[in-house]
Amino acid sequence: MWCSRTALGRLRRIAPCTVTGFHRAMSTLPKVYVTRKVPPDGLDILRKSGQVQFEMWDSDEPVPRLELLKKVKGCDGILCVLTEKIDAQLLEAAGPNLKVVSTMSVGFDHLSLDELKKRGIRVGYTPDVLTDCVAELTVALLLATSRRLIEATHEAKTGGWGTWRTLWLCGHELANSTVGILGLGRIGVAIAERLKPFKVKKFIYTDVAPRPELANMIEAEYVSFDELAKQSDFLAVCCALTQETHGICNWNLFSKMKKNAIFINTSRGGVVNQEDLYEALSTGLIAGAGLDVTTPEPLPTHHPLFTLKNCVILPHIASASYTTRNAMSALAANNLLAGLRGEPMPKELKL
């Protein structure tokens with residue numbers, strides 16, 4: 001349903017409201033489609049702004065593609081999440097009125113940036129607000145994987161907990177370890193800051209180029225990709241998914257890692273060659289892996305990775321806290337409104 005309660009209230013205060021007059025006023029407001037039931041803070045901002053009329057796919061499940069293509073027709077703005085592919089087909093369906101796409105995500109691999117740039121459509125996204133939440137989950141996943149917590153819980157529940165044994169369910173600790181970060185950004189720094197109290201000996205990282213300002217915050221050393229693989233006891237992947245990083249974590253990386261190494265990915269599933277990861281884990285080439293992201297999502301329950309005790313897989317929940325999801329929703333709404341007004345967005349992706 002198209003919504004602008006504030007606009008209706010304003011009209012009533014100004015003059016007696018006829019149905020015709022109301023619809024005429026509504027028709028002048030920018031038209032927005034929201035592709036998912038987003039957290040309430042963002043919806044409240046849109047409703048109270050009085051600046052847009054919007055329709056929302058009121059479900060926790062993704063909007064069907066054909067429905068999406070139909071609903072975006074004639075829209076001035078789209079507020080989407082990472083499951084919606086914003087490509088040439090969709091932009092063509094939306095038509096020439098589309099000015100702004102605001103995604104409730106820090107990643108933007110679901111957006112066809114070249115097509116958006118070609119059409120002069122501005123893009124908002126939601127970095128920064130999820131940094132702490134993702135860093136916390138990454139550390140939790142690293143500990144759960146390295147200390148074999150999921151295995152241990154299963155053994156306790158299913159009767160495997162018998163007499164105390166000297167090496168049963170032993171894992172790998174962080175004290176005196178080397179932690180490697182692939183892609184040093186805000187989240188990578190936040191992860192390192194949380195791991196420091198565990199008496200990590202050394203932080204190393206690799207990126208497209210050295211990032212001294214960020215590295216100095218955590219006293220991290222820049223190394224080559226090969227050295228990152230060879231030196232890391234724990235390797236956290238924090239890079240964006242791009243053409244250059246697609247499948248970068250493959251046999252070449254795993255074959256150079258230590259046998260006791262723990263591999264953690266909370267970035268995007270596409271940066272990992274999952275067949276190579278399975279081989280590395282199943283043959284004992286590396287000790288374990290923790291994944292919050294996979295390809296595809298959801299990962300089919302019959303996927304070979306689910307058969308491995310040394311692989312912990314989560315359903316993409318790194319930013320799943322009430323505080324963070326509401327902050328993302330609010331930022332996405334504010335990006336959208338600012339873009340439609342022709343003003344600077346709080347967080348705009350420069351194309």
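## Annotated domain and overall composition

UniProt, in an unreviewed entry, places the feature "domain: D-isomer specific 2-hydroxyacid dehydrogenase NAD-binding" at residues 139-318. In the model, which is predicted, the end C-alpha atoms of residues 139-318 lie 10 Å apart, and the span is 31% helix and 16% strand.

The protein as a whole holds 14 helices and 13 strands, and its C-alpha atoms fill a box of roughly 80 × 50 × 35 Å when this is taken along the principal axes. Of the 351 residues in the protein, 48% are buried, while the accessible surface comes to about 17600 Å², with 55% of that area belonging to carbon and sulfur atoms. Among contacts between residues at least 6 apart in sequence, 63% join residues that are at least 24 apart.

## The seven-stranded sheet

Seven strands form an open sheet with parallel pairing, in the order E8-E7-E6-E9-E10-E11-E12. Strand E8 (220-222) and strand E12 (311-313) each have a single partner strand and stand at the edges, so one side of each is left without a neighbour in the sheet. Neighbouring strands of this sheet are turned against each other by 20° on average, with direction ignored.

Strand E6 (residues 178-182) and E7 pair in the parallel sense over five bridges, and within this pairing Ile181 stands opposite Tyr205 in E7. Strand E7 (residues 202-206) is largely enclosed by the rest of the structure, because four of its five residues are buried.

Helix H7 (residues 131-146) lies across strand E9 (234-237), strand E10 (262-265), E11 and E12, and runs at about 150° to E10. Helix H13 (residues 274-282) lies across E10, E11 and E12, with a direction at about 140° to E11.

## The loop between E11 and E12

The loop between E11 and E12 contains Asn310, whose side chain has a polar atom 3.3 Å from the backbone oxygen of Ala287. When residues up to four places away in sequence are not counted, Asn310 touches Leu281, Ile286, Ala287, Gly288 and Ala289.

E4 and strand E5 (residues 122-124) pair in the parallel sense over three bridges, and the bridge partner of Val100 in E5 is Arg122.

## A buried glycine

Gly107 has its place in the loop between strand E4 (100-103) and helix H6 (113-118). Its relative accessible area is 12%, so Gly107 counts as buried, the cut-off being under 20%. Although Gly107 and Ala240 are 133 residues apart in sequence, their C-alpha atoms are 6.9 Å apart in space.

## Residues with positive phi

Most residues other than glycine have a negative phi, and most peptide bonds are trans. Asn176, which lies in the loop between helix H8 (149-158) and E6, has a positive phi near 65°. Asn176 counts as exposed because its relative accessibility is 60%, where the cut-off for exposed is over 50%.

His316 is found in the loop between E12 and H14, and has a positive phi of about 55° although it is not a glycine. At 24% relative accessibility, His316 counts as partly exposed.

How values were computed
Residues are numbered from 1 along each chain as its sequence is written. This is a predicted model: local features need pLDDT of at least 70, side-chain atom pairs count only at pLDDT 80 or more; totals for chains, interfaces and linings use all residues. Side-chain values use heavy atoms; hydrogens and water are left out. UniProt positions are given in the numbering used here, feature names are shortened, and annotations may be inferred rather than shown by experiment. Helices (H or I, at least four residues) and strands (E, at least two) are DSSP runs, numbered from the N terminus. Two strands pair if DSSP finds at least two bridges between them. Axes are lines fitted to C-alpha atoms, for helices over the stretch in contact, and angles run from 0 to 180 degrees between N-to-C directions. Contact means heavy atoms within 4.5 Å. A polar contact is a pair of N or O atoms within 3.5 Å; within protein, one must be able to donate a hydrogen and the other to accept it, and residues adjacent in sequence count only if both atoms are side-chain atoms. Buried means under 20% relative accessible area, exposed over 50%, partly exposed in between (1.4 Å probe, protein chains only). Accessible areas come from the Shrake-Rupley method with a 1.4 Å probe; for residues, only the protein chains shown count as cover.
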